[in-house]
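Have the sequence and the 3D view open, and follow along.

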Amino acid sequence: MVMIIQTYWAMLLKAMGHTLLLCLLSLVFATIIGMIFGLMNVGHNRVLNFIGTVYVDAVRGVPLIVLAYFIYFGIPAGIQSMGFTNFKMDALQAGTIALSMNCGAYMAEIVRAGIQSVDRGQMEAGRSLGLSYGAGMALIVVPQAVRTMIPSIINQFIITLKDTSILSVIGFPELTNVGKTIMGNTFKNLQAWAVVGIMYLVVITILSKVSKQIERRINRGR
Amino acid sequence: MADKTDVRISVKNLKKSFGSLEVLKDISLEVTEGEVVVLIGPSGSGKSTLLRCLNQLEKATSGQIVIDGFDVTDKHTDINKVRENIGMVFQHFNLFNHLNVLKNMTLAPVHLKTLSKEDANNKAMQLLERVGLSDKAGAYPSQLSGGQKQRVAIARALEMNPDIMLFDEPTSALDPEMVGEVLAVMKELARDGMTMMVVTHEIGFAREVASRVIFMEGGYIVEEGTPEEVLDHPKEPRTIDFLSKVL
(Lines give C-alpha, C1' and ligand atoms only; values in the text may rest on other atoms or scores of the structure.)
Protein backbone atom coordinates (compact mmCIF):
# COMPACT_ATOMS: atom_id res chain seq x y z
CA MET A 1 0.00 0.00 0.00
CA VAL A 2 2.84 2.31 0.91
CA MET A 3 4.54 1.31 -2.31
CA ILE A 4 1.47 2.24 -4.30
CA ILE A 5 1.19 5.60 -2.62
CA GLN A 6 4.90 6.29 -3.06
CA THR A 7 4.89 5.35 -6.72
CA TYR A 8 1.53 6.69 -7.80
CA TRP A 9 0.70 9.60 -5.48
CA ALA A 10 0.98 12.22 -8.21
CA MET A 11 -1.22 10.23 -10.54
CA LEU A 12 -3.75 9.58 -7.79
CA LEU A 13 -3.94 13.23 -6.76
CA LYS A 14 -4.38 14.29 -10.36
CA ALA A 15 -7.14 11.71 -10.74
CA MET A 16 -8.81 12.99 -7.60
CA GLY A 17 -8.58 16.46 -9.13
CA HIS A 18 -10.36 15.16 -12.23
CA THR A 19 -13.01 13.53 -10.09
CA LEU A 20 -13.62 16.76 -8.21
CA LEU A 21 -13.65 18.80 -11.43
CA LEU A 22 -16.20 16.49 -13.01
CA CYS A 23 -18.26 16.51 -9.83
CA LEU A 24 -18.14 20.27 -9.42
CA LEU A 25 -19.07 21.00 -13.03
CA SER A 26 -21.91 18.52 -12.84
CA LEU A 27 -23.22 19.97 -9.60
CA VAL A 28 -23.31 23.46 -11.06
CA PHE A 29 -25.26 22.33 -14.12
CA ALA A 30 -27.39 19.93 -12.09
CA THR A 31 -28.41 22.73 -9.76
CA ILE A 32 -29.50 24.83 -12.73
CA ILE A 33 -31.30 21.89 -14.33
CA GLY A 34 -32.89 20.96 -11.02
CA MET A 35 -34.09 24.50 -10.41
CA ILE A 36 -35.60 24.78 -13.90
CA PHE A 37 -37.34 21.40 -13.97
CA GLY A 38 -38.30 21.59 -10.32
CA LEU A 39 -40.03 24.92 -10.89
CA MET A 40 -41.65 23.55 -14.04
CA ASN A 41 -43.10 20.75 -11.96
CA VAL A 42 -44.63 22.94 -9.27
CA GLY A 43 -46.20 25.49 -11.62
CA HIS A 44 -49.71 25.25 -12.96
CA ASN A 45 -48.83 25.12 -16.62
CA ARG A 46 -49.74 21.66 -17.85
CA VAL A 47 -47.28 21.68 -20.75
CA LEU A 48 -44.39 22.59 -18.45
CA ASN A 49 -45.56 20.03 -15.87
CA PHE A 50 -45.56 17.40 -18.57
CA ILE A 51 -42.08 18.28 -19.83
CA GLY A 52 -40.75 18.34 -16.28
CA THR A 53 -42.27 15.00 -15.39
CA VAL A 54 -41.09 13.34 -18.57
CA TYR A 55 -37.55 14.59 -17.99
CA VAL A 56 -37.39 13.42 -14.41
CA ASP A 57 -38.97 10.04 -15.15
CA ALA A 58 -36.85 9.44 -18.23
CA VAL A 59 -33.54 10.22 -16.57
CA ARG A 60 -34.40 8.37 -13.39
CA GLY A 61 -35.51 5.39 -15.42
CA VAL A 62 -32.18 4.98 -17.21
CA PRO A 63 -29.07 3.73 -15.39
CA LEU A 64 -26.31 6.32 -15.30
CA ILE A 65 -23.91 3.97 -17.02
CA VAL A 66 -26.30 3.57 -19.97
CA LEU A 67 -26.86 7.31 -20.09
CA ALA A 68 -23.08 7.84 -20.18
CA TYR A 69 -22.66 5.33 -23.03
CA PHE A 70 -25.53 6.92 -24.89
CA ILE A 71 -24.05 10.40 -24.64
CA TYR A 72 -20.42 9.47 -25.18
CA PHE A 73 -20.87 6.92 -27.98
CA GLY A 74 -24.47 7.20 -29.13
CA ILE A 75 -24.91 10.90 -29.68
CA PRO A 76 -21.62 11.52 -31.56
CA ALA A 77 -22.39 8.52 -33.75
CA GLY A 78 -25.81 9.93 -34.49
CA ILE A 79 -24.50 13.38 -35.28
CA GLN A 80 -21.71 12.00 -37.45
CA SER A 81 -24.20 9.93 -39.41
CA MET A 82 -26.07 13.14 -40.19
CA GLY A 83 -22.98 14.35 -42.06
CA PHE A 84 -21.04 16.16 -39.37
CA THR A 85 -18.19 13.69 -39.57
CA ASN A 86 -15.81 15.85 -37.55
CA PHE A 87 -18.06 15.93 -34.53
CA LYS A 88 -16.33 14.76 -31.39
CA MET A 89 -17.09 14.81 -27.72
CA ASP A 90 -14.41 14.22 -25.13
CA ALA A 91 -14.93 12.14 -22.03
CA LEU A 92 -15.10 15.15 -19.70
CA GLN A 93 -17.82 16.78 -21.77
CA ALA A 94 -19.84 13.60 -22.10
CA GLY A 95 -19.29 12.78 -18.44
CA THR A 96 -20.38 16.21 -17.32
CA ILE A 97 -23.51 16.05 -19.47
CA ALA A 98 -24.45 12.58 -18.26
CA LEU A 99 -23.83 13.35 -14.61
CA SER A 100 -25.54 16.75 -14.80
CA MET A 101 -28.60 15.24 -16.41
CA ASN A 102 -28.71 12.46 -13.86
CA CYS A 103 -28.11 14.59 -10.79
CA GLY A 104 -30.36 17.31 -12.25
CA ALA A 105 -33.33 14.97 -12.30
CA TYR A 106 -32.88 14.17 -8.62
CA MET A 107 -32.30 17.83 -7.84
CA ALA A 108 -35.55 18.66 -9.63
CA GLU A 109 -37.34 16.33 -7.27
CA ILE A 110 -35.62 17.91 -4.28
CA VAL A 111 -36.59 21.38 -5.50
CA ARG A 112 -40.17 20.28 -6.12
CA ALA A 113 -40.49 18.70 -2.69
CA GLY A 114 -38.84 21.71 -1.04
CA ILE A 115 -41.16 24.18 -2.69
CA GLN A 116 -44.22 22.08 -1.95
CA SER A 117 -43.19 21.92 1.70
CA VAL A 118 -43.73 25.67 1.97
CA ASP A 119 -47.27 26.46 3.07
CA ARG A 120 -49.50 27.59 0.21
CA GLY A 121 -50.55 30.57 2.29
CA GLN A 122 -47.09 32.09 1.89
CA MET A 123 -47.52 32.47 -1.84
CA GLU A 124 -51.12 33.59 -1.43
CA ALA A 125 -50.10 36.31 0.99
CA GLY A 126 -47.48 37.49 -1.49
CA ARG A 127 -49.92 37.45 -4.39
CA SER A 128 -52.54 39.27 -2.33
CA LEU A 129 -50.05 42.11 -1.87
CA GLY A 130 -49.67 42.43 -5.64
CA LEU A 131 -46.51 40.40 -6.19
CA SER A 132 -46.29 38.36 -9.38
CA TYR A 133 -45.94 34.57 -9.24
CA GLY A 134 -42.25 34.88 -10.09
CA ALA A 135 -41.60 37.49 -7.41
CA GLY A 136 -43.51 35.42 -4.88
CA MET A 137 -41.39 32.40 -5.75
CA ALA A 138 -38.10 34.28 -5.68
CA LEU A 139 -38.68 36.43 -2.61
CA ILE A 140 -40.93 34.31 -0.44
CA VAL A 141 -41.21 30.63 -1.35
CA VAL A 142 -37.75 29.65 -2.58
CA PRO A 143 -35.84 31.24 0.32
CA GLN A 144 -37.96 29.19 2.72
CA ALA A 145 -37.80 26.07 0.58
CA VAL A 146 -34.00 26.16 0.38
CA ARG A 147 -33.73 25.66 4.10
CA THR A 148 -35.64 22.40 3.98
CA MET A 149 -33.86 21.37 0.79
CA ILE A 150 -30.31 21.66 2.12
CA PRO A 151 -29.91 18.25 3.77
CA SER A 152 -31.21 16.52 0.65
CA ILE A 153 -29.01 18.64 -1.59
CA ILE A 154 -25.91 17.76 0.43
CA ASN A 155 -26.88 14.12 0.23
CA GLN A 156 -27.31 14.41 -3.53
CA PHE A 157 -23.93 16.12 -3.88
CA ILE A 158 -22.26 13.21 -2.11
CA ILE A 159 -24.07 10.70 -4.31
CA THR A 160 -22.93 12.62 -7.36
CA LEU A 161 -19.34 12.61 -6.19
CA LYS A 162 -19.52 8.85 -5.87
CA ASP A 163 -21.30 8.52 -9.20
CA THR A 164 -18.32 10.07 -10.95
CA SER A 165 -16.68 6.65 -10.56
CA ILE A 166 -19.23 5.21 -12.98
CA LEU A 167 -17.81 7.46 -15.66
CA SER A 168 -14.59 5.47 -15.60
CA VAL A 169 -16.37 3.35 -18.20
CA ILE A 170 -16.08 6.06 -20.83
CA GLY A 171 -12.37 6.43 -20.17
CA PHE A 172 -12.32 9.70 -18.26
CA PRO A 173 -9.17 9.60 -16.10
CA GLU A 174 -10.91 10.09 -12.78
CA LEU A 175 -9.98 8.27 -9.61
CA THR A 176 -11.62 4.91 -10.25
CA ASN A 177 -10.23 4.74 -13.76
CA VAL A 178 -6.74 5.48 -12.48
CA GLY A 179 -7.28 2.84 -9.82
CA LYS A 180 -7.86 0.35 -12.63
CA THR A 181 -4.64 1.44 -14.32
CA ILE A 182 -2.63 1.08 -11.12
CA MET A 183 -4.15 -2.30 -10.51
CA GLY A 184 -3.22 -3.32 -14.04
CA ASN A 185 0.35 -2.18 -13.53
CA THR A 186 0.92 -3.67 -10.09
CA PHE A 187 -1.57 -6.55 -9.88
CA LYS A 188 -2.05 -5.53 -6.26
CA ASN A 189 -5.84 -5.65 -6.23
CA LEU A 190 -6.31 -5.31 -2.51
CA GLN A 191 -3.91 -2.45 -1.97
CA ALA A 192 -4.83 -0.45 -5.05
CA TRP A 193 -8.55 -0.47 -4.34
CA ALA A 194 -7.98 0.17 -0.65
CA VAL A 195 -6.04 3.32 -1.51
CA VAL A 196 -8.71 4.48 -3.96
CA GLY A 197 -11.49 3.69 -1.49
CA ILE A 198 -9.79 5.58 1.31
CA MET A 199 -9.28 8.60 -0.93
CA TYR A 200 -12.99 8.73 -1.71
CA LEU A 201 -13.79 8.24 1.93
CA VAL A 202 -11.54 11.07 3.08
CA VAL A 203 -12.85 13.57 0.53
CA ILE A 204 -16.48 12.68 1.14
CA THR A 205 -16.05 12.83 4.90
CA ILE A 206 -14.50 16.27 4.65
CA LEU A 207 -17.28 17.35 2.33
CA SER A 208 -20.04 16.16 4.64
CA LYS A 209 -18.44 17.81 7.66
CA VAL A 210 -18.19 21.10 5.80
CA SER A 211 -21.78 20.74 4.59
CA LYS A 212 -23.05 20.06 8.08
CA GLN A 213 -21.33 23.23 9.18
CA ILE A 214 -22.98 25.22 6.40
CA GLU A 215 -26.32 23.64 7.19
CA ARG A 216 -25.99 24.58 10.83
CA ARG A 217 -25.10 28.14 9.96
CA ILE A 218 -28.07 28.54 7.63
CA ASN A 219 -30.42 27.17 10.25
CA ARG A 220 -29.03 29.45 12.88
CA GLY A 221 -29.32 32.65 10.82
CA ARG A 222 -33.05 32.56 10.31
CA MET B 1 -78.06 53.61 -1.39
CA ALA B 2 -75.04 55.58 -2.48
CA ASP B 3 -74.74 56.48 -6.12
CA LYS B 4 -72.92 54.36 -8.69
CA THR B 5 -69.53 56.08 -8.45
CA ASP B 6 -69.13 54.97 -4.85
CA VAL B 7 -69.30 51.30 -5.75
CA ARG B 8 -66.02 49.63 -4.81
CA ILE B 9 -66.93 46.01 -5.35
CA SER B 10 -69.51 44.75 -7.76
CA VAL B 11 -70.20 41.05 -8.16
CA LYS B 12 -72.61 39.77 -10.77
CA ASN B 13 -73.81 36.18 -11.02
CA LEU B 14 -70.59 34.78 -9.65
CA LYS B 15 -70.24 31.02 -9.80
CA LYS B 16 -67.32 28.99 -8.60
CA SER B 17 -66.81 25.25 -8.79
CA PHE B 18 -64.00 23.06 -7.55
CA GLY B 19 -64.22 20.15 -9.93
CA SER B 20 -67.79 18.90 -9.72
CA LEU B 21 -68.42 20.68 -6.41
CA GLU B 22 -70.22 23.97 -6.94
CA VAL B 23 -69.29 26.19 -4.01
CA LEU B 24 -70.72 29.51 -5.17
CA LYS B 25 -73.95 29.09 -7.07
CA ASP B 26 -75.10 32.55 -8.01
CA ILE B 27 -73.74 35.46 -6.05
CA SER B 28 -74.45 39.09 -6.81
CA LEU B 29 -73.61 41.93 -4.49
CA GLU B 30 -72.29 45.45 -4.34
CA VAL B 31 -70.13 47.08 -1.74
CA THR B 32 -69.86 50.85 -1.61
CA GLU B 33 -67.08 53.03 -0.30
CA GLY B 34 -66.65 52.85 3.46
CA GLU B 35 -69.05 49.97 3.93
CA VAL B 36 -68.18 47.18 6.35
CA VAL B 37 -69.81 44.01 5.08
CA VAL B 38 -69.72 41.01 7.36
CA LEU B 39 -70.26 37.57 5.87
CA ILE B 40 -71.62 34.91 8.17
CA GLY B 41 -72.84 31.41 7.60
CA PRO B 42 -72.05 27.77 8.32
CA SER B 43 -68.73 26.35 7.20
CA GLY B 44 -68.80 25.23 3.60
CA SER B 45 -71.31 27.93 2.71
CA GLY B 46 -68.81 29.62 0.38
CA LYS B 47 -67.96 32.74 2.42
CA SER B 48 -64.22 32.35 2.19
CA THR B 49 -64.40 31.30 -1.43
CA LEU B 50 -66.37 34.44 -2.24
CA LEU B 51 -63.75 36.57 -0.52
CA ARG B 52 -60.93 34.77 -2.32
CA CYS B 53 -62.63 35.24 -5.65
CA LEU B 54 -62.66 39.00 -5.14
CA ASN B 55 -58.88 39.24 -5.41
CA GLN B 56 -58.74 36.21 -7.68
CA LEU B 57 -56.85 33.91 -5.35
CA GLU B 58 -59.61 31.67 -6.67
CA LYS B 59 -60.56 32.12 -10.29
CA ALA B 60 -64.26 32.58 -10.85
CA THR B 61 -65.88 29.87 -12.93
CA SER B 62 -68.35 32.36 -14.38
CA GLY B 63 -69.79 35.74 -13.63
CA GLN B 64 -68.24 39.15 -13.32
CA ILE B 65 -66.34 40.86 -10.52
CA VAL B 66 -65.51 44.54 -10.81
CA ILE B 67 -63.22 46.10 -8.22
CA ASP B 68 -62.56 49.85 -8.33
CA GLY B 69 -63.74 49.83 -11.92
CA PHE B 70 -61.44 46.99 -12.98
CA ASP B 71 -63.02 43.80 -14.19
CA VAL B 72 -60.84 41.26 -12.41
CA THR B 73 -62.54 38.35 -14.17
CA ASP B 74 -61.26 39.74 -17.46
CA LYS B 75 -58.04 38.00 -18.49
CA HIS B 76 -56.56 41.28 -19.77
CA THR B 77 -56.81 43.04 -16.43
CA ASP B 78 -53.48 43.34 -14.65
CA ILE B 79 -54.60 41.49 -11.55
CA ASN B 80 -51.37 42.24 -9.68
CA LYS B 81 -52.05 45.96 -10.02
CA VAL B 82 -55.60 45.57 -8.73
CA ARG B 83 -54.42 43.43 -5.82
CA GLU B 84 -52.17 46.25 -4.66
CA ASN B 85 -55.38 48.03 -3.72
CA ILE B 86 -57.00 45.08 -1.99
CA GLY B 87 -55.48 44.10 1.31
CA MET B 88 -56.14 40.60 2.54
CA VAL B 89 -55.85 39.15 6.02
CA PHE B 90 -55.85 35.37 6.37
CA GLN B 91 -57.03 33.00 9.04
CA HIS B 92 -53.52 31.62 9.49
CA PHE B 93 -51.79 35.01 9.25
CA ASN B 94 -49.40 33.87 6.51
CA LEU B 95 -46.59 36.07 7.68
CA PHE B 96 -43.38 35.43 5.77
CA ASN B 97 -41.57 33.18 8.23
CA HIS B 98 -38.08 33.92 6.95
CA LEU B 99 -38.39 37.68 7.38
CA ASN B 100 -38.72 39.90 10.42
CA VAL B 101 -41.77 42.05 11.00
CA LEU B 102 -40.37 45.12 9.29
CA LYS B 103 -39.24 43.14 6.22
CA ASN B 104 -42.61 41.39 6.10
CA MET B 105 -44.24 44.77 5.77
CA THR B 106 -41.81 46.44 3.38
CA LEU B 107 -41.12 43.53 1.01
CA ALA B 108 -44.01 44.14 -1.38
CA PRO B 109 -44.04 47.96 -1.53
CA VAL B 110 -40.27 48.11 -2.01
CA HIS B 111 -40.26 45.37 -4.64
CA LEU B 112 -43.21 46.90 -6.48
CA LYS B 113 -41.71 50.37 -6.08
CA THR B 114 -44.87 51.86 -4.64
CA LEU B 115 -42.66 53.22 -1.85
CA SER B 116 -38.97 53.91 -1.49
CA LYS B 117 -37.19 51.80 1.08
CA GLU B 118 -36.97 54.71 3.48
CA ASP B 119 -40.62 55.67 3.10
CA ALA B 120 -41.65 52.05 3.45
CA ASN B 121 -39.69 51.73 6.69
CA ASN B 122 -41.16 54.94 8.09
CA LYS B 123 -44.65 53.96 7.13
CA ALA B 124 -44.19 50.49 8.59
CA MET B 125 -43.09 51.97 11.91
CA GLN B 126 -46.15 54.23 11.98
CA LEU B 127 -48.45 51.32 11.23
CA LEU B 128 -46.80 49.16 13.86
CA GLU B 129 -47.40 51.91 16.35
CA ARG B 130 -51.02 52.02 15.28
CA VAL B 131 -51.46 48.30 15.94
CA GLY B 132 -49.48 48.57 19.17
CA LEU B 133 -46.39 46.63 18.08
CA SER B 134 -43.69 49.23 17.52
CA ASP B 135 -41.32 47.25 19.72
CA LYS B 136 -41.64 44.18 17.47
CA ALA B 137 -40.18 45.55 14.22
CA GLY B 138 -37.12 43.31 14.46
CA ALA B 139 -38.93 40.21 15.70
CA TYR B 140 -39.51 37.14 13.57
CA PRO B 141 -43.01 35.68 13.19
CA SER B 142 -42.07 32.64 15.29
CA GLN B 143 -41.42 34.97 18.22
CA LEU B 144 -44.91 36.50 18.14
CA SER B 145 -48.18 35.37 19.67
CA GLY B 146 -51.13 34.67 17.38
CA GLY B 147 -52.75 38.00 18.12
CA GLN B 148 -49.51 39.83 17.43
CA LYS B 149 -49.03 37.93 14.18
CA GLN B 150 -52.48 38.88 13.01
CA ARG B 151 -51.96 42.52 13.89
CA VAL B 152 -48.72 42.48 11.92
CA ALA B 153 -50.58 40.85 9.03
CA ILE B 154 -53.13 43.67 9.09
CA ALA B 155 -50.36 46.25 9.21
CA ARG B 156 -48.60 44.50 6.33
CA ALA B 157 -51.75 44.75 4.23
CA LEU B 158 -52.21 48.41 5.16
CA GLU B 159 -48.63 49.17 4.15
CA MET B 160 -49.77 48.87 0.51
CA ASN B 161 -52.31 51.62 1.18
CA PRO B 162 -55.30 49.59 -0.02
CA ASP B 163 -58.80 50.97 -0.65
CA ILE B 164 -60.40 47.69 0.33
CA MET B 165 -59.56 45.20 3.05
CA LEU B 166 -60.68 41.58 2.99
CA PHE B 167 -60.60 39.58 6.23
CA ASP B 168 -60.89 35.82 5.94
CA GLU B 169 -61.79 34.55 9.42
CA PRO B 170 -59.10 36.71 11.01
CA THR B 171 -59.76 35.55 14.56
CA SER B 172 -60.64 31.90 14.03
CA ALA B 173 -57.12 30.61 14.66
CA LEU B 174 -56.57 32.73 17.75
CA ASP B 175 -56.70 31.81 21.40
CA PRO B 176 -59.79 33.45 22.91
CA GLU B 177 -57.86 36.01 24.91
CA MET B 178 -56.25 37.35 21.74
CA VAL B 179 -59.40 37.83 19.72
CA GLY B 180 -60.11 41.20 21.30
CA GLU B 181 -56.85 42.86 20.33
CA VAL B 182 -57.33 41.93 16.67
CA LEU B 183 -60.96 42.99 16.59
CA ALA B 184 -59.96 46.31 18.18
CA VAL B 185 -57.61 47.03 15.29
CA MET B 186 -60.34 46.10 12.81
CA LYS B 187 -62.88 48.32 14.53
CA GLU B 188 -60.52 51.25 14.37
CA LEU B 189 -59.98 50.58 10.70
CA ALA B 190 -63.73 50.53 10.12
CA ARG B 191 -64.15 53.80 12.00
CA ASP B 192 -61.53 55.37 9.77
CA GLY B 193 -63.74 54.62 6.79
CA MET B 194 -61.99 51.61 5.25
CA THR B 195 -64.12 49.55 2.90
CA MET B 196 -64.09 46.11 4.44
CA MET B 197 -65.42 42.64 3.80
CA VAL B 198 -65.09 40.34 6.77
CA VAL B 199 -65.78 36.63 7.00
CA THR B 200 -66.16 35.90 10.68
CA HIS B 201 -67.95 33.96 13.35
CA GLU B 202 -67.76 36.92 15.73
CA ILE B 203 -71.40 37.90 15.82
CA GLY B 204 -70.63 40.59 18.39
CA PHE B 205 -68.22 42.22 15.99
CA ALA B 206 -70.81 42.09 13.24
CA ARG B 207 -73.40 43.70 15.44
CA GLU B 208 -71.09 46.48 16.50
CA VAL B 209 -69.20 47.32 13.33
CA ALA B 210 -71.01 46.01 10.27
CA SER B 211 -72.94 48.32 8.04
CA ARG B 212 -74.38 45.23 6.43
CA VAL B 213 -74.52 41.56 7.33
CA ILE B 214 -74.78 38.88 4.67
CA PHE B 215 -75.85 35.38 5.61
CA MET B 216 -74.68 32.71 3.19
CA GLU B 217 -75.55 29.07 2.95
CA GLY B 218 -75.00 26.43 0.30
CA GLY B 219 -73.38 28.84 -2.14
CA TYR B 220 -76.18 31.40 -2.08
CA ILE B 221 -76.78 34.66 -0.27
CA VAL B 222 -79.77 33.74 1.82
CA GLU B 223 -80.37 37.01 3.59
CA GLU B 224 -78.75 40.41 3.90
CA GLY B 225 -79.39 43.66 5.65
CA THR B 226 -78.32 45.75 8.60
CA PRO B 227 -77.02 43.87 11.64
CA GLU B 228 -80.31 44.58 13.34
CA GLU B 229 -82.35 43.14 10.50
CA VAL B 230 -80.28 40.01 9.97
CA LEU B 231 -79.05 39.25 13.47
CA ASP B 232 -81.99 40.38 15.58
CA HIS B 233 -84.95 39.94 13.26
CA PRO B 234 -83.96 37.33 10.69
CA LYS B 235 -86.72 36.37 8.27
CA GLU B 236 -85.33 33.28 6.60
CA PRO B 237 -85.70 30.01 8.49
CA ARG B 238 -82.12 29.03 7.62
CA THR B 239 -80.77 32.25 9.09
CA ILE B 240 -82.84 31.76 12.22
CA ASP B 241 -81.59 28.20 12.50
CA PHE B 242 -77.95 29.23 12.07
CA LEU B 243 -78.16 32.08 14.54
CA SER B 244 -79.83 29.89 17.12
CA LYS B 245 -76.76 27.68 17.00
CA VAL B 246 -74.07 30.35 17.22
CA LEU B 247 -75.65 32.90 19.55
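Helices here are DSSP runs of H or I with at least four residues, strands are runs of E with at least two, and both are numbered from the N terminus. Taken along the principal axes, the C-alpha atoms of chain A fill a box of roughly 70 × 55 × 25 Å.

Some ground rules before we go on. This is a predicted model, in which local features need pLDDT of at least 70 and side-chain atom pairs count only at pLDDT 80 or more, while totals for chains, interfaces and linings use all residues. Residues are numbered from 1 along each chain as its sequence is written, chains are lettered from A and ligands numbered from 1 in the order in which they are written, and side-chain values use heavy atoms, with hydrogens and water left out.

**Where the chains touch**

How many residues of chain B are in contact with chain A? There are 23, and they touch 20 residues of chain A; contact means heavy atoms within 4.5 Å. The area buried between the two chains is about 1,900 Å², with carbon and sulfur atoms giving 57% of that. Buried area is the accessible area (1.4 Å probe) that two parts lose on being put together, summed over both.

Across this interface there are six residue pairs in polar contact, both residues being at pLDDT 80 or more. On the chain B side, α2 (79-83), β6 (86-89), α3 (101-111) and α5 (146-159) each supply at least two of the touching residues. Of the elements, α3(B) gives the most, with three residues. Sorted by class, the side of chain B that touches chain A has twelve nonpolar, seven polar and four charged residues. A polar contact is a pair of N or O atoms within 3.5 Å; within protein, one must be able to donate a hydrogen and the other to accept it, and residues adjacent in sequence count only if both atoms are side-chain atoms. As for the classes, Ala, Val, Leu, Ile, Met, Phe, Trp, Tyr, Cys and Pro count as nonpolar, Asp, Glu, Lys and Arg as charged, and the others, Gly among them, as polar.

**Salt bridges**

Over all chains the count comes to 17 salt bridges, and between chain B and chain A it is one. The term means a side-chain nitrogen of Lys or Arg within 4 Å of a carboxyl oxygen of Asp or Glu. Here are two of them:

| Residue pair | N to O distance |
|---|---|
| E124(A) and R52(B) | 2.6 Å |
| K212(A) and E215(A) | 3.7 Å |

K212(A) and E215(A) both sit in helix α8 (residues 189-220) of chain A, three residues apart, about one turn of the helix.

**A pocket and a cavity**

On a 1 Å grid over the protein atoms alone, a cavity is a set of points where a 1.4 Å probe fits but cannot get out, and a pocket is an open set with protein on both sides within 12 Å along at least five of seven lines; lining residues have an atom within 4 Å of a point. Grid points are joined across faces, edges and corners, and a volume is the space filled by probe spheres set on the points.

The largest pocket has a volume of about 910 Å³. Of its 29 lining residues, the closest to the centre are H44(A), M123(A), R127(A), Y133(A) and L57(B). α5(A) gives the most to this lining, with five residues. The lining divides into eleven nonpolar, eight polar and ten charged residues.

There is one cavity of 30 Å³ or more, and the largest cavity has a volume of about 40 Å³. Which residues line the largest cavity? They are L127(B), R130(B), V131(B), L158(B), V185(B), E188(B) and L189(B). By class, that makes five nonpolar, no polar and two charged residues.

D68(B) has a positive phi of about 50° although it is not a glycine, and D68(B) lies in the loop between β4 (62-67) and β5 (70-71) of chain B. K113(B), also not a glycine, has a positive phi near 60° and is found in the loop between α3 and α4 of chain B.
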